[in-house]
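Student: I would like to go through this structure term by term. Please set each value against its definition.

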Amino acid sequence: RLADRFAHALRAIVAHCRHPGAGGYTPSDFPLAPLSQPQLDALIGPGPRGQIAIDDIYPLAPMQQGMLFHSLYAPDSGIYVEQLSCELRGSLSLQAFEHAWRHVAGQHPILRTSFVWAGLDTPLQLVWRGLAVPIERHDWRGLSPADQAVQLEQYLEADRRRGFALDAAPLMRLALLRTAGDRHVCVWTHHHL
């Protein structure tokens with residue numbers, strides 16, 4: 001009788017888990033994050049695993065904690081906002097460019113990470129799944145090379161001042177600035193956190 005009850009209970013659990021609305025995350029799914037079930041539900045919401053686009057949750061490294069503190073202390077300072085710009089020459093497939101950046105972000109969790117701290121004892125990183133990398137496009141072909149250089153400096157400064165909402169991934173963005181028929185300036189702006 002005990003074995004039959006146990007088998008019946010297991011079948012009931014399996015049936016429940018196969019139900020479309022069943023399932024969700026528990027604190028044991030994120031063993032490095034010191035979260036209770038109510039905290040986890042408040043953070044990512046209750047719901048089936050397939051509907052919640054979280055890959056992982058874990059604490060910040062000590063250096064990240066310091067960067068987060070400085071970024072929150074002086075949010076408009078632009079501190080830890082990094083920029084890389086380079087000139088791309090030749091034919092550029094925008095579709096391949098976007099696909100490549102989606103692939104890179106898919107391979108590196110830090111590029112899909114946001115940070116949460118409100119209401120928590122310890123700040124945490126949330127690694128998201130399937131994020132699109134924002135890519136702005138600007139056409140500067142009508143400007144002279146001197147005006148393009150001025151426009152680029154102004155763009156870089158304004159983009160740096162824009163900063164990032166640290167609780168919204170991804171903490172990076174790209175810009176393609178078309179300067180000639182076969183030339184683009186690519187600007188990758190990201191938060192060092």
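Student: Which residue stands opposite Leu-126 in E4?

Tutor: Ser-114 stands opposite Leu-126. This is a predicted model, where local features need pLDDT of at least 70, side-chain atom pairs count only at pLDDT 80 or more, and totals for chains, interfaces and linings use all residues. Residues are numbered from 1 along each chain as its sequence is written, and side-chain values use heavy atoms, with hydrogens and water left out.

Student: Why is E4 called mostly covered?

Tutor: Four of the five residues of E4 are buried, where buried means under 20% relative accessible area, exposed over 50% and partly exposed in between (1.4 Å probe, protein chains only).

Student: What makes a set of residues a nonpolar core?

Tutor: The set must consist of buried Ala, Val, Leu, Ile, Met, Phe, Trp, Tyr and Cys residues joined through side-chain atoms within 4.5 Å. The largest such core has twelve residues, including Tyr-25, Leu-35, Ile-57 and Leu-126. Helix H2 (37-44), strand E1 (54-59) and strand E4 (124-128) each supply at least two residues of this core. A second, separate core of eleven residues includes Leu-111 and Met-172.

Student: Why are E2 and E5 said to stand at the edges?

Tutor: Four strands form an open sheet of mixed pairing, in the order E2-E7-E6-E5. Strand E2 (81-89) and strand E5 (135-139) each have a single partner strand, so one side of each lacks a neighbour in the sheet.

Student: How do you know that the length of H4 is close to the expected one?

Tutor: The expected span of a helix is 1.5 Å times one less than its number of residues. H4 has 14 residues and reaches 20 Å from its first C-alpha to its last, close to the 20 Å expected.

Student: Why are the buried residues of H4 said to line one face?

Tutor: These residues are Phe-97, Trp-101 and Ala-105. Seen down the axis of H4, they fall within an arc of 70° (taken from the directions from the helix axis to the C-beta atoms), so they line one face of the helix. They pack against E2, E5, E6 and E7, contact being heavy atoms within 4.5 Å.

Key. Pairing = 2+ DSSP bridges.
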